[in-house]
Amino acid sequence: MTVRVAFGGRGNFIGAALGAIAALAAAPWWGGRDDLQLLSEIYAYVALASLWNLLAGFAGLVSVGQQAYVGLGAYSLFALAILFGVSPLWAIPLAGLIAAAVSIPVALLVFRLRGNYFAIGTWIVAEVFRLTASQVSTLGGGSGTSLPAAVVIAIAPTRQLRDFTMYWIALLLAVAVLALIVLLLRSRYGLALKAMRDAELAAACSGVDVYRAKFLVYVLTALATAMLGALIFLQKLRISPDAAFSVNDWTAFVIFITVIGGIGRVEGPIIGTLIFFALRQTLADLGTIYLMMLGLVAIVIMLAAPKGIWGMIVERFGWQLFPLERTVLSEEPQQR
C-alpha cells in the first residue's frame, strides 16, 4: 500500500493571488504618493506580523524583543550606506545577513531560558541593542542621524522614482515572506514545527530535533525582520535609537495584529493588519484614547474569538486562503 499526503484544495487561489499582486504592483499608476506610503506600511506590518506568527504561533517562541532586529537592520543599512558607501538597495539584504549572524550568539544565549523568562530575555537583548546604538557617535548617538543627499539620490534620481522603487521593494518583501512561510509550513519542517507547538516533548520523542528547528526559525525570522527594518527606515530617511528599537511600534502592535487576526494561522496577520490600519486611520486623531481603544478591541476579540478573527471564520465556514491541512491518502496496489 502506498501512502500519500495531500493538502486542501487550492481552487482558484493561485490565480486570484497573482491577480491581486499584479494589481498592487500597478499601484504607482492608480494611487497617489500617500496611497503608496500607506500600502508600503501595510506590507511591512503584514510581513513583520507573519514572521512573529511563525516564531510564536508555530515554533512556540514568544518573543517580545523582535524590535532588536528591526533596529539592527535599520542601523546596519545606515552604517553600510554612510560609512562604507554601499548602495542603499544592496544594503537591505546585507543588513539581513548581518542580523542573521548576530542572532546566532543571541539564540545560544536566550534559548537557555524558558517560557516567560525567554520573553523577558528577548526584550533585554533589544534594550542592549538600543543602548549600544545610542553610543555610536558616527551615526548620531542618542539623537540619531539622517541619510545624506548623495545616498538618497543613489536610490533613484527623482523623488517619484524613489517612491516607486521603495513601494515595489516593500511589496516584494511582503510577498516573499508570505511565500517562504507557506512553503516552509507545507514541508516536513513545517510539520515538525506544528508538532513542537502542540507537544514539544512528544515531538522530541518522535525524532524531531526541537532545538535545531527553533534555532533555524529564530535565525530566519531575524534575517527577514532586519531586512524589513532596513527598508522601513530607508523610507523614513532618518533613524534614532528610540524609533528603531521601539517596543511599541515593532513588537506591541505586531503582537496585537497577530492575536486579533489569529495566531498560528498564516491568514491571521493579514486580517489583523487590515483591522489595525482601519482602526488607526479612524481613531489616530484621538491621541491616547486611540491606544485605549486598541486595547479594548483586543480584549473584546480575545473574549469573543479566542482563536482570532480568522480562527473564528475557519471554525464556522472552513475557509482557507493558504491550504496547510494535511490529508493522508492511501492507494491500494493493483492486482496482477
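S40 touches M166, Y167, A170 and Q235, leaving aside residues up to four places away in sequence. This is a predicted model, and S40 sits in helix α3, which covers residues 33-58. With a relative accessibility of 3%, S40 falls under the 20% cut-off and so counts as buried.

**α3 against α11**
- Helix α11 takes in residues 210-236, and its axis runs 10 Å from that of α3, at a packing angle of about 165°.
- Angles over 145 degrees count as roughly antiparallel, so that is how α3 and α11 are described.
- The crossing of α3 past α11 is left-handed.
- On the α3 side, the contact is made by S40, A44, A47, L48, L51, L54 and L55.
- On the α11 side, the residues in the contact are V217, Y218, L220, T221, A224, T225, L228, I232 and Q235.
- Sorted by type, the contact of α3 with α11 has twelve nonpolar residues, four polar ones and no charged ones.

**α3 against α14**
- Helix α14 spans residues 267-283; its axis and that of α3 come within 9 Å and cross at roughly 135°.
- That angle makes α3 oblique to α14.
- Here α3 goes past α14 in a right-handed crossing.
- From α3, the contact draws on L38, E41, I42, Y45, V46, A49, S50 and N53.
- From α14, it draws on P269, I270, T273, F277, R280 and Q281.
- The residues of the contact of α3 with α14 split into eight nonpolar, four polar and two charged.

**A95 in helix α5**
- A95 is part of helix α5.
- A95 counts as buried because its relative accessibility is 0%.
- Not counting residues up to four places away in sequence, A95 touches G73, S76, L77, L80, A226 and A230.
- If you go looking for F253, it is 158 residues from A95 in sequence and 23 Å away in space, C-alpha to C-alpha.

**Helix α6**
- Helix α6 runs through residues 116-133, 18 residues in total.
- From first C-alpha to last, α6 reaches 26 Å, close to the 26 Å expected at 1.5 Å a residue.
- Buried residues in α6 are F118, A119, G121, T122, V125, A126, E127, F129 and A133.
- Those buried residues of α6 pack against α4 (67-83), α5 (88-110) and α12 (241-244).

Methods: Residues numbered from 1 in each chain as written. Predicted model: local features only at pLDDT ≥ 70, side-chain atom pairs only at ≥ 80, totals over all residues. Heavy atoms only, no water. Helix = DSSP H or I, 4+ residues; strand = E, 2+ residues; numbered from the N terminus. Expected span 1.5 Å × (residues − 1). Buried < 20%, exposed > 50% of the residue type's maximum accessible area, 1.4 Å probe, protein only. Contact = heavy atoms within 4.5 Å. Axes fitted to C-alpha atoms, helices over the stretch in contact; angles between N-to-C directions. Parallel < 35°, antiparallel > 145°, perpendicular 65-115°, else oblique. Left-handed = near helix turned anticlockwise from the far one by under 90°. Nonpolar A, V, L, I, M, F, W, Y, C, P; charged D, E, K, R; others polar.
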